[in-house]
Amino acid sequence: MNADLSRPSFVERELPAGRHQFHKERLMTQIHDDLRASGAGPAAAPSRTGTRRNPFLRRAVLVPVAGFALAGALAAGFFGYVQLGAADGPRSTMATGPAMTTRIGAADAKGAPQLLDRISLAASASSAAHSGVRADQYVYIGSKTANTYVKTEGDKHTLVSEKLHERHQWNSPDGIKGWLIEPGNTGPEGVTLEGPDETGHTPTAHLNAPSYNYLAQLPTDPDVLLRKIYEETKGKGRGPDQEAFTTIGDLLRASYPPPALTAALYKAAAKIPGVVSLDDAVDAAGRHGIAVARLDEQSGQREEWIFDRQSLAFLGERTVQVEGESGEQGLIKPGTVVFTSAVMTRTVVDHIKERPATSG
């Protein structure tokens, strides 16, 4: 899904009917992420905060240079910000996040392997409820999500947050057809995820943009699987261990892995250095659970996977600033929830845009 940077690809008259809105939505999402990561533009945050994954599952889209000319004209129509109150003092462990405030819990470096083993066993036991996906069906994921970062206007820096909002996504098992409805990133009716990538080719599923069929073919031996993850993410992110952990987290949150693969992902995660367990964490829906986490030592942020205490089912994911301060003027303080999500419904439906009764 790499973009061809040699030619503009977002010229309305060159696109078929209905496709301009699709590309415009994807462009603004990537600009939103790239500006924050690079330190440029009004919504920027210093690179110390790290790069959040593209809200679209197909994360590898690169923005053509010509696309940035559209940013000023389009940004106001796509992003609703919530101005947050002043952060607490520099020694405080409380700060405002997108959906909640939090306290930094103690991490247990010894408890993670045992917890992940239990979670893996629970995932394996769920195989009876996972009957696969027919070619004519769609994977549906309904979730809640939000981000926090520093917005810069001139010499003024403000801690802001996207509003906590629902996200509804449908994908065919081959990954070719899809639909997304996400307030703030799409219109009320949503946007199609079907069509060519920025080079004009049909997207090919890969580890960072998987289809269900692709996931079903991945190895379920934890050692082989982890080796593949390290190989395919080499040179990305903030180091191989953190990128491997983040990649597994993305698969758990934003895809529909078969139970055998889900179990293997948890066992693979237990082999990543620096993985810890937490007694308590809260997802975007306010549900408390236990967590598996890893600290990104470069950013001082900890990625946390949250699980139900009894069933050990995956609830959601969040990223919390736990060490140091980041953002302009150090506005992102320890305790700030930088990213939060909660998976509310993950199932198979017969039609695109069909919402199960439990989707909210």
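## Basis and secondary structure

Helices (H or I, at least four residues) and strands (E, at least two) are DSSP runs, numbered from the N terminus. On this basis the protein chain has seven helices and twelve strands.

The model is predicted, so local features need pLDDT of at least 70 and side-chain atom pairs count only at pLDDT 80 or more, while totals for chains, interfaces and linings use all residues. Residues are numbered from 1 along each chain as its sequence is written, and side-chain values use heavy atoms, with hydrogens and water left out.

## Confidence

The mean pLDDT (the predictor's confidence in each residue, from 0 to 100) of the protein chain is 75, and 69% of its residues reach 70 or more. Helix H5 (residues 222-232) has the highest confidence, at a mean of 97, and helix H2 (residues 71-78) the lowest, at 30.

Over residues 1-96, pLDDT stays under 50. Where pLDDT is low, the predicted coordinates should not be read in detail.

## Burial

Of the 360 residues, 54% count as buried, that is, under 20% relative accessible area with a 1.4 Å probe, protein chains only.

## Packing of H3 and H7

Helices H3 (residues 112-125) and H7 (residues 259-269) pack with axes 8 Å apart, at an angle of about 175°. They are therefore roughly antiparallel, a term for angles over 145 degrees. Axes are lines fitted to C-alpha atoms over the stretch in contact, and angles run from 0 to 180 degrees between N-to-C directions.

The contact (heavy atoms within 4.5 Å) involves residues including Leu116 and Ile119 of H3 and Ala263 and Tyr266 of H7.

Technical notes
Buried means under 20% relative accessible area, exposed over 50%, partly exposed in between (1.4 Å probe, protein chains only). Angles under 35 degrees count as roughly parallel, over 145 as roughly antiparallel, 65 to 115 as roughly perpendicular and the rest as oblique.
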